[in-house]
Amino acid sequence: MGADRWEPDTFKNRTDEVLRRFVAQEADEFAAIDPLLAPVAEQLEAAVADGKRLRAAFCYWGWRTVGQPDSDALVRAAASMELVHAAAVVHDDLIDDSPLRHGRPTAHVALRGAVRRRPRAEAAARSLAMLAGDLLMALAGQLFATSGLPAAYLARARPLWSVMARELVAGECLEILRTGAGPDTGASLKVIRYKTAKYTVEQPLLIGGALAGAGSALRECYSAYGLPLGEAFQLRDDLLGLFGDPQRTGKANADDVRGQRPTALLAETWRLAGADDREQLRSLLGRRRLDADALDAVREVMRRLKAPERIEDMISMRVEEALGALHELHVPAYAATALAALAQSAAVRPS
């Protein structure tokens, strides 16, 4: 990858290779403890098999924007952000009881096969998935610590790991506590900020910057760019979750409605709805067995109230805010170009 040219496919391939090698070795050592552990080891590898590698890219450019050069050690450190994400995804799918991710069974569903003949098989599979997620988070820290970067650089960034973990767990807890509560756009945006926005964009940027010795002014600009962009990323995800093609998103699109999750899309729909629409929504939201007709009815209410357009406006406003902060950065042109391209990748995704 050239010093002044952002090649996302090349970076993704480098990150994929780091993750594949590292997790394969760890999975082998895990499975070597006992043959019974093989299905769990397989899920460790499955958890990192896919992804756009945006979090690693933001960490990488948090480093490069300071003026530091490309290095394989930095790519290894950046790849650890993807293991944080893999852990969060396994836990999130478990919490939400989601059946699909990237078009394949989620970890807690896939692991049912390992315990199908045991008592309380479904609960056992969920427990195995929870532990796999815990191990992935531990492996994230190990990959970061053994990346090959100087110990003094790693020490500068280590405190940010505690912040990232605290905020990520807080966001997950807030989502659970808000699920089924009265829809509220402000509360939904707070969930988005802590559950997704911070660990997707802001914290990887700040960690990359800390590794490189970024000053306070640059760190403030990272947050001003990263927070609105991270929110735009999750708002887009919520839209795709309900209106996207499952063949392309790889997720079941009834999850948010069935789980009555506190998404901004549902909150804005509720805010815009009159008494009759709210009564219809009450009869549909939270249904455990939500058929295609019921899901279409929810979509129809949303479209009629123009809730998706409202979310699109919120996305555009946040991308504009992020790009505005980017223009305040006095950084090399190649870094500004890369961060602008990443903003588009995060917020504008095919449905």
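Biologist: Why are Lys198 and Glu202 called buried?
Modeller: A residue is called buried when its relative accessible area is under 20%, exposed when it is over 50%, and partly exposed in between (1.4 Å probe, protein chains only). Lys198 and Glu202 are both buried by that rule. This is a predicted model, in which local features need pLDDT of at least 70 and side-chain atom pairs count only at pLDDT 80 or more, while totals for chains, interfaces and linings use all residues. Residues are numbered from 1 along each chain as its sequence is written, and side-chain values use heavy atoms, with hydrogens and water left out.

Biologist: What makes Lys198 and Glu202 a salt bridge?
Modeller: The term requires a side-chain nitrogen of Lys or Arg within 4 Å of a carboxyl oxygen of Asp or Glu. The closest N and O atoms of Lys198 and Glu202 are 3.2 Å apart, so the pair qualifies. Both residues lie in helix α8, 4 residues apart, about one turn of the helix. Elsewhere, salt bridges that share partners join Lys12, Asp16, Arg53 and Glu82 into one network.

Biologist: Which parts does the salt bridge between Lys198 and Glu167 tie together?
Modeller: The closest N and O atoms of Lys198 and Glu167 are 3.5 Å apart, and the pair forms a salt bridge. Lys198 belongs to helix α8 and Glu167 to helix α7 (residues 151–178), so the pair links parts that are 31 residues apart in sequence. Glu167 is buried, as is Lys198.

Biologist: How do you know that Asp92 and Lys195 form a salt bridge?
Modeller: Their side chains meet at 3.2 Å, N to O, and the limit is 4 Å, so the pair counts. Asp92 is in helix α4 (residues 72–96) and Lys195 in helix α8 (residues 185–212), so this pair ties together parts 103 residues apart in sequence. Asp92 has a relative accessible area of 11% and is therefore buried; Lys195, at 12%, also counts as buried. By this rule the count comes to 25 salt bridges.

Biologist: With which side chain does Arg55 make a polar contact?
Modeller: The partner is the side chain of Thr200, at 3.1 Å. A polar contact is a pair of N or O atoms within 3.5 Å; within protein, one must be able to donate a hydrogen and the other to accept it, and residues adjacent in sequence count only if both atoms are side-chain atoms.

Biologist: How many helices and strands does the protein chain have?
Modeller: There are 16 helices and 2 strands, where helices (H or I, at least four residues) and strands (E, at least two) are DSSP runs, numbered from the N terminus. Buried residues make up 51% of the 351 residues.
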